[in-house]
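Have the 3D view open and follow along.

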2 protein chains.
Amino acid sequence: MTRLKTRPLLAACLLATMGSALAANDHGQGSPMLGFTAQGTSDQQSLEQRFDALLDPAEQREWLKLMSAEPNQVGSPHDKANAEFMLAKFREWGWDAHIETFDVLYPTPKKVALELQGPHPYTAKLHEPAVQGDATSGIEKDVLPPYNVYGGDGDVTAPLVYVNYGMPDDYKELARRGIDVRGKIVITRYGGGWRGLKPKLAQEHGAVGCLIYSDPRNDGYGAGDTYPDGGWRPADGVQRGSVADMQQYPGDPLTPGIGSTPDAKRLALKDAKTILKIPVLPISYADATPLLQSLTGDVAPAGWRGALPLTYHVGPSNAPVHLTVLSNWGQKPVYDVIATLKGSTEPDQWVVRGNHHDGWVFGAWDPLSGNVALLAEAKAIGTLYKQGWRPKRTLVYASWDGEEPGLLGSTEWAETHAKELQQKAVLYLNSDTNGHGFLNAGGSHSLQHLVNEVAAGVADPETKASVLDRMRARLLVDGNGKDARPSTKEDAAVAEKGGDVPIGALGSGSDFSAFLEHLGVASLDLGFGGENDSDGVYHSAYDSFDHYVRFGDPTFQYGVALSKVAGHIMLRTADASVVPLRFGDFSDTLDRYVAQLHKLIEDTRKDTDKQHKLLDSGAYALVVDPARPVQPPARDSDVGAVQLDPLDQAAKQLKQSAQAYEAAYNARAATGFDLPAAQLRELNALMAQMEQALSDQAGLPGRPWFKHMIYAPGLLTGYEVKTVPGVREALEARRWDEASQYATVTAKVLDRYRAQLDRLTAMLKKTS
Amino acid sequence: MTRLKTRPLLAACLLATMGSALAANDHGQGSPMLGFTAQGTSDQQSLEQRFDALLDPAEQREWLKLMSAEPNQVGSPHDKANAEFMLAKFREWGWDAHIETFDVLYPTPKKVALELQGPHPYTAKLHEPAVQGDATSGIEKDVLPPYNVYGGDGDVTAPLVYVNYGMPDDYKELARRGIDVRGKIVITRYGGGWRGLKPKLAQEHGAVGCLIYSDPRNDGYGAGDTYPDGGWRPADGVQRGSVADMQQYPGDPLTPGIGSTPDAKRLALKDAKTILKIPVLPISYADATPLLQSLTGDVAPAGWRGALPLTYHVGPSNAPVHLTVLSNWGQKPVYDVIATLKGSTEPDQWVVRGNHHDGWVFGAWDPLSGNVALLAEAKAIGTLYKQGWRPKRTLVYASWDGEEPGLLGSTEWAETHAKELQQKAVLYLNSDTNGHGFLNAGGSHSLQHLVNEVAAGVADPETKASVLDRMRARLLVDGNGKDARPSTKEDAAVAEKGGDVPIGALGSGSDFSAFLEHLGVASLDLGFGGENDSDGVYHSAYDSFDHYVRFGDPTFQYGVALSKVAGHIMLRTADASVVPLRFGDFSDTLDRYVAQLHKLIEDTRKDTDKQHKLLDSGAYALVVDPARPVQPPARDSDVGAVQLDPLDQAAKQLKQSAQAYEAAYNARAATGFDLPAAQLRELNALMAQMEQALSDQAGLPGRPWFKHMIYAPGLLTGYEVKTVPGVREALEARRWDEASQYATVTAKVLDRYRAQLDRLTAMLKKTS
């Protein structure tokens with residue numbers, strides 16, 4: 001029965017010693033798969049074996065080489081060629097495929113220049129030269145100069161100030177030192193928060209321009225040997241990237257909430273809220289060095305210092321910096337490749353899989369490594385189809401364009417087909433960059449068990465243990481480490497106590513956003529990593545085939561592993577008798593989030609008391625070094641009353657309903673789901689809508705596009721998730737009334753979710 | 001009544017808001033000083049005012065300039081000249097002074113060379129060139145090349161391995177990577193533990209040579225602007241220093257435990273346990289760079305990476321390194337200057353003050369900044385004496401020689417006069433480097449209240465608040481910081497709850513060691529700092545007058561403040577009716593130490609369980625990256641039974657006795673200490689012996705020289721203290737039986753201490 005070569009001794013040890021509930025790993029081997037009868041399980045396992053046997057690493061390598069051979073950013077000839085190549089492939093493999101095109105605002109650099117004036121002038125290179133042994137790095141044709149898309153136009157000359165990561169706390173530190181960035185150009189390093197927040201916050205603080213550089217401490221020789229000796233960022237490497245204010249809404253800046261079809265009503269450029277007003281430019285650490293050397297003023301706080309061989313100062317610079325960024329603000333087409341295999345019995349239930357195909361330059365890691373795994377799945381599924389197998393539900397495979405500038409292709413497609421997707425989509429499964437090491441999985445927690453089941457049945461290429469055992473091992477080791485993050489410790493404790501390995505919650509940064517957060521489609525995001533040096537070439541011209549086959553996945557066995565994990569999830573979701581969701585996992589996770597919110601209030605109260613005491617005592621004033629005066633911190637507001645009771649109640653009731661559902665499901669599963677076809681269909685249709693119940697149509701405060709009340713990208717973190725965002729972000733911003741208000745809003749969607757769950761339970765119980 | 005210009009508003013705020021017990025600050029203003037009657041307090045305050053008025057910053061500057069004008073290491077002409085200069089001064093000021101000379105083993109470099117061989121050869125400069133604006137940096141006469149005294153002789157050629165800080169955990173990390181240092185030369189960076197441990201541990205692990213360099217991350221441009229732009233270590237700056245195994249015993253390596261008088265029996269060189277066998281050399285980061293660049297192998301773990309612009313590897317190097325260190329193993333004289341003012345009524349009670357006068361090169365910061373404060377006290381006291389004031393107890397002022405190589409002058413003097421000191425010494429008050437900012441005070445906790453009283457009565461030069469208020473403010477701010485060390489948090493909690501600002505416990509690294517840890521004389525160590533850039537020139541040729549007056553104490557107001565704090569402590573101890581000790585403070589501190597030991601056992605048990613579970617689960621094996629294999633950690637031994645009951649009991653009983661003493665003291669103080677003179681004398685004589693009761697004649701395990709059972713330098717930390725060392729170090733080394741054994745030994749000395757305290761209480765209560 002076992003389809004994988006695990007190392008049974010090790011797996012057994014993991015089970016034996018880390019807690020009984022680790023036995024949860026064991027399902028899928030003997031007991032039926034979630035949503036399947038015993039016979040269905042057996043059939044599905046055979047199907048998956050046949051699927052696995054059709055996966056060929058050599059093909060993934062070939063496709064990757066081809067697709068990354070030329071620059072493939074939005075608007076480039078090779079981007080279109082890649083779409084057409086895939087269209088042909090899907091059709092060859094038996095899929096019903098087409099290209100869906102959207103015209104989106106996509107500015108490209110017209111003039112980009114940067115110079116330091118004064119006694120030690122320096123003109124920035126803003127160029128990534130060829131490196132030895134990297135075939136594509138010498139290509140100049142169609143390569144755009146490094147830039148940050150959706151920054152403002154500008155030609156500014158001003159002193160420079162160093163703002164560390166450019167996050168809110170950094171500006172507080174500067175204020176304590178009497179440094180104001182109004183009228184200045186700021187230089188900030190990558191890290192500490194999403195790229196796009198850096199110029200946004202700089203703009204809000206009055207800066208007239210923003211430079212973002214990669215410090216070698218975390219992204220260069222400080223992390224490891226640089227390319228081509230090793231995989232890490234060389235001195236001239238630049239991280240491109242979008243700086244659209246995607247926390248407002250992703251997609252075409254001119255068509256928020258609607259598809260950018262030819263007849264769509266578009267905003268005027270000046271009214272697009274997600275486009276910045278100030279010029280922004282990403283630079284290499286080679287170019288950053290003379291700029292940082294020009295800074296005077298206080299030595300930067302210890303945590304602000306990178307690995308360049310200089311003393312980091314906060315500024316201002318001893319000479320002005322002249323920055324020019326001018327763009328061509330034109331429309332460009334994005335080409336989404338959409339391929340469909342119609343479901344045999346449930347054609348109106350869609351199981352959707354996506355990965356983007358546009359890169360910043362050659363995009364071998366990001367996104368093509370994930371995209372070729374998706375293609376391999378599609379080819380294998382096509383072969384199974386040709387051999388006579390039919391999915392019960394409809395499979396939709398999509399290769400998105402325009403992800404890099406702002407999730408354009410996926411968002412416009414999802415907005416265009418919103419109604420249909422909300423009626424039909426059961427699952428959206430995303431991938432993006434794929435590397436080697438450990439499976440990283442995030443998504444809707446009702447899908448957590450499915451991920452665990454599938455990961456238990458796929459062998460890790462390096463260790464031959466199951467992918468799940470390796471995930472679990474990493475979590476246990478990391479979570480027990482001295483410097484473990486609280487969330488990792490929490491996850492590890494869950495995994496130790498038993499049960500499934502927790503999956504992460506999703507924020508943003510890839511194409512799941514519109515599906516999950518705008519439409520409420522249950523979603524997953526998958527990829528292998530953790531042993532990569534991928535950061536070193538992220539969004540640079542060195543993200544190439546040659547780099548990937550040295551440092552990414554040389555044998556493409558992890559490409560195959562991703563195809564297996566994603567393919568099995570797709571096939572099971574397509575074929576299951578009952579859509580493979582488990583709501584108790586969501587309920588348990590929600591309990592953790594609610595507990596975190598209580599702790600957040602408690603910690604905030606303690607910290608505020610402490611700060612107020614210290615301020616009142618005059619202690620801060622007494623520790624000031626007159627030679628390097630750092631003023632006391634600004635006084636935090638008092639912590640007001642926050643009413644989380646509705647949330648507590650909703651979570652508690654949900655738990656009971658989830659338990660009742662679980663019992664009803666188990667009882668019905670034991671009968672082999674002996675329900676009338678219409679009743680089963682009704683049940684599955686309602687299951688597909690469950691995640692949507694977690695949406696509130698008014699959306700999150702100030703950003704109505706984001707409707708999911710449990711998962712959202714943080715306003716002040718960017719890609720990183722904020723769970724229960726209405727409440728959590730209000731607490732973090734010290735808006736106590738808003739926190740109470742959104743506790744009620746969130747409780748309402750949870751109550752709706754619970755009511756729907758109770759209906760599912762009733763359907764499972766109902767005997768006709 | 002107030003002798004100082006505090007900022008009363010701020011002080012009041014500190015009192016009002018941080019807890020009632022902060023009112024403890026307030027004493028000394030209205031209530032009598034510890035050990036004094038009301039009248040005595042008033043007289044003493046007048047005396048201190050007169051003393052303060054005699055302190056002149058200009059004189060300290062002048063003496064500093066003179067004494068740091070030429071190299072003044074042991075054996076140099078200027079070292080002797082400085083001693084003779086001070087002798088003349090003491091005599092001029094009315095003291096009974098002499099120079100006491102000891103002949104000690106003091107090796108000096110005969111040949112020092114370092115080169116990298118192979119394809120990219122490099123010959124190390126090993127030289128600190130002159131820098132602009134630093135007058136003495138151009139001096140070559142009498143300057144020794146940078147070296148580590150008491151390393152072995154050797155001429156070795158071997159591959160190089162990078163061992164981070166060279167501490168035990170670092171070798172464990174190397175072992176997990178399969179790296180062995182046997183037959184290799186190791187390169188280690190300064191920091192993370194005492195210098196001398198680095199070659200000692202390297203030698204124990206089989207290395208044949210050891211290089212120690214200053215990484216610019218914490219000691220160079222990563223910390224701040226380098227000299228002469230700023231105060232931090234320039235690329236060619238080298239930290240010299242002793243690598244004698246002072247955790248065995250300090251002082252002349254050939255005369256452990258006895259004074260190195262002409263007739264003393266000396267060990268043969270080969271039998272001196274504190275001298276290393278392998279060659280050791282300190283180098284600059286300029287010289288370290290090509291060596292680190294030559295390293296191959298794994299990228300060093302994240303925590304091992306410094307601020308040089310290269311990828312840190314663990315090694316081995318791609319070419320051999322050739323290291324030569326040969327010394328002249330001769331005797332050199334050390335010149336201790338000893339000055340005495342005889343006590344009027346208690347000539348056989350000695351209050352001893354010391355600071356060393358030998359430096360590594362010019363020694364402006366270290367040690368002369370503290371030494372000139374001591375001289376200023378002596379001059380002022382001499383003037384008071386000439387004006388007719390007489391100390392009740394005898395004052396002994398000492399300026400030690402040979403501290404840098406191994407506390408030679410102080411240790412030999414203390415060993416020579418051991419018997420007399422144990423009979424007569426009431427207090428040893430040490431200082432060393434003095435900077436600006438905050439008073440750092442460490443010592444016997446029975447002296448904690450005296451330090452607080454005195455610090456409350458001296459104004460901080462920068463803020464005009466009291467020195468104590470500023471200490472307290474720093475502790476509150478630091479202790480409430482996110483990254484506060486547990487001990488700082490603990491101290492802050494104590495200070496917040498009320499009462500005195502805790503003083504630190506003493507380990508080693510300056511001249512108090514023989515007094516406190518060998519003889520059991522209650523000791524203090526004082527100095528201002530916390531706003532310095534002193535680390536940047538520590539033990540280098542750039543520790544100069546010019547550096548000090550820019551970055552140390554430009555106005556010498558902190559020199560004056562140190563004179564005031566130290567001077568007041570000396571005068572009060574000399575004049576008090578009852579020796580100003582408070583034993584409840586010691587008892588409270590002991591309780592904290594005992595609680596720490598319990599927590600250490602508990603934490604060790606938890607960590608061990610966790611590690612065993614992880615090892616048994618096979619999780620470590622599953623997280624190994626095959627491309628960069630890091631083996632699971634070695635299995636920690638099981639935690640055995642440890643019996644701390646005797647210690648718990650002793651601490652509990654001591655608390656009761658301390659409370660009884662306090663009550664008796666207060667009652668007697670209220671009567672103005674109306675005891676017969678003989679009884680008071682007996683009381684004071686016994687008080688002077690209290691600290692000695694904390695010694696055990698057998699000493700600590702394996703190092704009998706260290707007899708104090710509460711404070712010792714850590715065997716594996718060097719300068720840093722280990723409190724209750726017999727127990728704590730046994731626990732840390734996982735020697736469970738030894739921990740139980742030393743809990744009993746420590747309990748015994750505590751019981752003796754308590755019995756002696758009960759006798760004091762009885763004496764205070766006794767009515768004749």
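In this predicted model, the centres of domain 1 of chain A and domain 2 of chain A sit 31 Å apart, taken over C-alpha atoms. The domain assignment puts residues 32–104, 333–444 and 506–581 of chain A in domain 1, and residues 108–329 in domain 2.

How many residues of domain 1 of chain A are in contact with domain 2 of chain A? There are 41 of them, facing 39 residues of domain 2 of chain A. To find the domain 1 side of that contact, look for α4 (77–92), β1 (96–105), α9 (403–406), α10 (408–416), α15 (513–518) and α16 (545–552) of chain A, each of which supplies at least two residues. By class, that side of domain 1 of chain A has 18 nonpolar, 14 polar and nine charged residues.

**Helix packing**

Next, zoom in on some helix pairs. Here are their angles and axis distances.

| Helix pair | Angle | Axes |
|---|---|---|
| α3(A) and α8(A) | about 135° | 9 Å apart |
| α8(A) and α16(A) | roughly 70° | within 10 Å |
| α18(B) and α22(B) | about 5° | 11 Å apart |

Start with helix α3 (residues 57–67) and helix α8 (residues 364–386) of chain A, which pack at about 135°. Angles over 145 degrees would count as roughly antiparallel, so at this value α3(A) is oblique to α8(A). The crossing of α3(A) and α8(A) is right-handed. On the α3(A) side, the contact uses Glu59(A), Gln60(A), Trp63(A), Leu64(A) and Met67(A). From α8(A) come Ala364(A), Leu368(A), Ser369(A), Val372(A), Ala373(A), Leu375(A) and Ala376(A). Sorted by class, the contact of α3(A) with α8(A) has nine nonpolar, two polar and one charged residues.

Helix α8(A) also meets α16(A), and their axes cross at roughly 70°. Because angles of 65 to 115 degrees count as roughly perpendicular, that is the label for α8(A) and α16(A). Ala364(A), Trp365(A) and Ser369(A) of α8(A) make this contact with Phe545(A), His547(A), Tyr548(A) and Gly552(A) of α16(A). The class count for the contact of α8(A) with α16(A) is four nonpolar, three polar and no charged residues.

Now hop over to chain B. Helix α18 (residues 583–617) and helix α22 (residues 725–732) of chain B pack at about 5°, which means α18(B) is roughly parallel to α22(B). In α18(B), Leu597(B), Leu600(B), Ile601(B) and Thr604(B) meet Val727(B), Arg728(B) and Leu731(B) in α22(B). The residues of the contact of α18(B) with α22(B) come out as five nonpolar, one polar and one charged.

**The two chains together**

How are the two copies related? Chain A can be laid on chain B with an RMSD of 0.1 Å by a 180° turn and a shift of 0.0 Å along the axis, so the copies are related as by a two-fold rotation axis. Ala307(A) is the residue of chain A that comes closest to the rotation axis, at 2.5 Å (C-alpha). Both copies use the same surface, since 100% of the contact residues of chain A recur in chain B.

Each chain puts in 42 residues: 42 from chain A and 42 from chain B. On the chain A side, the elements that give two or more residues are α1 (8–17), α13 (467–479), α18 (583–617) and α19 (619–623). The biggest giver there is α13(A), with six residues. By class, the side of chain A that touches chain B has 22 nonpolar, nine polar and 11 charged residues.

**Backbone details worth a look**

Helix α8 of chain A comes up again here, as Pro367(A) lies in it. The peptide bond from Asp366(A) to Pro367(A) is cis, with omega near 15°. In chain B, the peptide bond from Gly315(B) to Pro316(B) is cis too, with omega near 5°. Pro316(B) sits in the loop between α7 (285–293) and β11 (321–328) of chain B.

Lastly, which residue has a positive phi although it is not a glycine? That's Leu407(A), with a phi of about 55°, found in the loop between α9 and α10 of chain A.

Conventions: Residues are numbered from 1 along each chain as its sequence is written. Chains are lettered from A and ligands numbered from 1 in the order in which they are written. This is a predicted model: local features need pLDDT of at least 70, side-chain atom pairs count only at pLDDT 80 or more; totals for chains, interfaces and linings use all residues. Domain bounds come from an automatic or database domain assignment. Two residues are in contact if their C-beta atoms, placed from the backbone, lie within 7 Å. Helices (H or I, at least four residues) and strands (E, at least two) are DSSP runs, numbered from the N terminus. Ala, Val, Leu, Ile, Met, Phe, Trp, Tyr, Cys and Pro count as nonpolar, Asp, Glu, Lys and Arg as charged, and the others, Gly among them, as polar. Copies are superposed by least squares on the C-alpha atoms of residues with pLDDT of at least 70 in both. Axes are lines fitted to C-alpha atoms, for helices over the stretch in contact, and angles run from 0 to 180 degrees between N-to-C directions. Angles under 35 degrees count as roughly parallel, over 145 as roughly antiparallel, 65 to 115 as roughly perpendicular and the rest as oblique. A crossing is left-handed if the near helix is turned anticlockwise from the far one by less than a right angle, and right-handed if clockwise.
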